[in-house]
Structure formats: structure tokens, C-alpha cells
Amino acid sequence: MIDSHCHLDHEPLLSDLTNVLQRSKDVGVEKLLTISTSLESFSRVKELVNRDEMIYGTIGIHPHESSKNIITAKEIIDNLKNNKKIIGIGETGLDFYYNNSEKDKQIASFKEHIEASIKTNVPLIVHSRNAEDETFEILNQFKDENIKILMHCFTGSKEFSEKLLSLNCYFSASGIITFKNSVDLQETFKSIPNENILIETDSPFLAPVPNRGKKNEPSFINFTATKLAEIKNISKKELIELTTNNFNKLFFN
């Protein structure tokens, strides 16, 4: 299994990293992608990727941080060149639910990340909340560039997923799919082609059932994999092989 999105630089994961990694290995996790959300976060991510062979990282500014943390496409590209285990750009995107950063700053930051992704062919990891139309409109402007796009912790509508499939996006399922109130999301994932799905924890957030309400960690990916296999009506073994192959195709091809 591969946890395609976690935040190992957040507590309580960071101070207990040795045990967190061991527990993830014990359930069969072979790679972890730890995600940058700010310039400060990226400095920690650069150190974390050297802590264990299984850890990979990204460079990016979360939309919440895009007013305080300004990054250019050139800076992203330069850092990718200097860090072989930094394999993704993001998380970037739009969040109009909280509006922790001004909309224009979020959009400008998103476009810098997109430009870096186009120039490097490195996958773009997208966060979208209460911004379906705007997210698609921006991504669709670059449809001829064949950007590698991963919609992280996807909770969007079926209509949104169908639009994004026209851009050949990948969709990552988080612990949210295990929640009782996520019936619509489960139906959406049922309709997404198997070759376009990944799994993630987004730990330390969004712990899946039966650990909902606790601090999440990468080993809990096991519960999300079990549920997604059930939703897709395939064996868990098939689901794990499928999502592992999809991750490797997206990030290492």
C-alpha cells in the first residue's frame, strides 16, 4: 500500500515518527508521500525524506497559506532539481470554504504551481473546497498541456469528477469514504475508473472509521483500503495492487 498524502511534519506524527513508520510498515505500507503546505513546512519535508527510504515529499503552498507564503514557479522548479525525493508539486489549489487567504492570492499561487508542473512534468496535487467551478475552469485552461493532476482527498460531486476525468485526473480517497454520511461520495468513487484512483490518509487529519475522532496516522490507510475495495466491488488485494500501480505510474513514469 501507498499513502499518497500525509503530513508527517505535523504533530503528533513528527515527534513519534519512528513508531509511526513502524506501524505503517506493519500493515504493509511501502511508500509515504509527505506533503508541503508552506515554506516552513517544506523545510521540514526536505529533512523528513532523508529519515527513511519509504518517505517521499512534495513542494507547495496550501491555499490557506497563499497570502503569507509566496512562491514562484521558478522557485518550485529549482527546489525540484535539487531534491530527488521531492516528487510532487502541492498541495495547491483553492479553498473558498474558510477563505484564510484572499481569492486572488489563492488563484495566483495555484497558477504558479501549475506552471511549474507543466515545465517539469511533475504531478500537481490539488486541494479544492467550495471551489469546484473555479478549480475546473483554471485547470481546463491548461488542458492541452497534459498536466498530471491528482485531486487529493476528493470529496467533490459526481459532476465535478466527470469534468475532471476529461483532464485525465487521478482521485485520492481518504478516510471520509468510511463515514456513514458519505453515501454520495461512495457512489462517486464507484463511478470513477479504477485506473484513476489512489488512497491517502491526510494524517493527522480525517481518521477513518473505526478510529474517527482520533489523530490519524499512515497505518490507518488499511481501513480506507478495505472500504474502497468494498465500494469498487473488488478484493482488497486487487485494490492495493491497483492503487499502488496507479501511484507509481503517476509519480515515477
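**View 1. Pairing of strand 1 with strand 2 in the predicted model.** Three bridges join strand 1 to strand 2 (residues 31–34) in the parallel sense; strands are DSSP runs of E with at least two residues, helices are runs of H or I with at least four, both numbered from the N terminus, and pairing requires at least two DSSP bridges. Between strand 1 and strand 2, the chain passes through helix 1 (residues 17–26) in a right-handed β-α-β crossover, that is, a clockwise path from the first strand over the helix to the second with the strands pointing away from the viewer. Ile2 has Lys31 of strand 2 as its bridge partner. Because five of the five residues of strand 1 (residues 2–6) are buried, the strand is largely enclosed by the rest of the structure (buried: under 20% relative accessible area, 1.4 Å probe, protein chains only).

Residues are numbered from 1 along each chain as its sequence is written. As this is a predicted model, local features need pLDDT of at least 70 and side-chain atom pairs pLDDT 80 or more, while totals for chains, interfaces and linings use all residues; side-chain values use heavy atoms, without hydrogens and water.

**View 2. The largest pocket.** This pocket holds about 680 Å³ of space (a pocket is an open set of points on a 1 Å grid over the protein atoms alone, where a 1.4 Å probe fits, with protein on both sides within 12 Å along at least five of seven lines; lining residues have an atom within 4 Å of a point; points are joined across faces, edges and corners, and the volume is that filled by probe spheres set on them). Among its 32 lining residues, His62, Asp95, His127, Arg129 and Asp202 are closest to the centre. Strand 5 gives the largest share of the lining, four residues.

**View 3. The second largest pocket.** Its volume is about 200 Å³. Asn146, Ile147, Lys148, Leu167 and Asn168 lie nearest the centre, among 13 lining residues.

Conventions: Buried < 20%, exposed > 50% of the residue type's maximum accessible area, 1.4 Å probe, protein only.
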